[in-house]
Amino acid sequence: MELKRAERKIEVHQEGEVIGEITYSDTNNGMWIIDHTYVDPAHRNQQIGEQLVAEIVNWARDANVKLLPLCPFAKKEFEHQSDYQDVQANT
């Protein structure tokens with residue numbers, strides 16, 4: 001399994017296939033809005049969604065931007081992971 005950053009998304013690849021992704025909108029104001037997380041049903045319950053959220057958090061830290069998790073899955077992850085608070089946008 002390999003995580004690949006692309007324009008406005010991160011994809012999870014396995015054996016040449018995309019099996020999951022997380023997407024964001026760039027506000028061009030120092031904030032990314034996480035709007036979608038998807039994992040292929042055949043690959044669920046393998047912590048892939050959690051890995052995608054962790055990767056976008058790391059990317060946001062590298063890029064020095066804040067994240068606004070509007071996607072329900074990402075929002076839940078932010079509620080459960082206190083170490084993500086440094087990149088969470090104040091709304």
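Q: In which sense do β4 and strand β5 (residues 66-69) pair, and over how many bridges?
A: This is a predicted model, in which local features need pLDDT of at least 70 and side-chain atom pairs count only at pLDDT 80 or more, while totals for chains, interfaces and linings use all residues. Residues are numbered from 1 along each chain as its sequence is written, and side-chain values use heavy atoms, with hydrogens and water left out. Strands are DSSP runs of E with at least two residues, helices are runs of H or I with at least four, both numbered from the N terminus, and two strands pair if DSSP finds at least two bridges between them. For β4 and β5 the sense is parallel, and the number of bridges is four.

Q: Which residue in β5 is the bridge partner of Ile 34?
A: The pairing of β4 with β5 is parallel. Within β5, the bridge partner of Ile 34 is Pro 69.

Q: Which residue in the turn between β3 and β4 has a positive phi?
A: Strand β3 (residues 17-26) and strand β4 (residues 31-39) run antiparallel and are joined by seven bridges. They form a hairpin with four residues between them, and the turn residue with a positive phi, of about 60 degrees, is Asn 28.

Q: Is His 13 buried or exposed?
A: His 13 lies in strand β2 (residues 9-14). Buried means under 20% relative accessible area, exposed over 50% and partly exposed in between, with a 1.4 Å probe and protein chains only. Because its relative accessible area is 14%, His 13 is buried.
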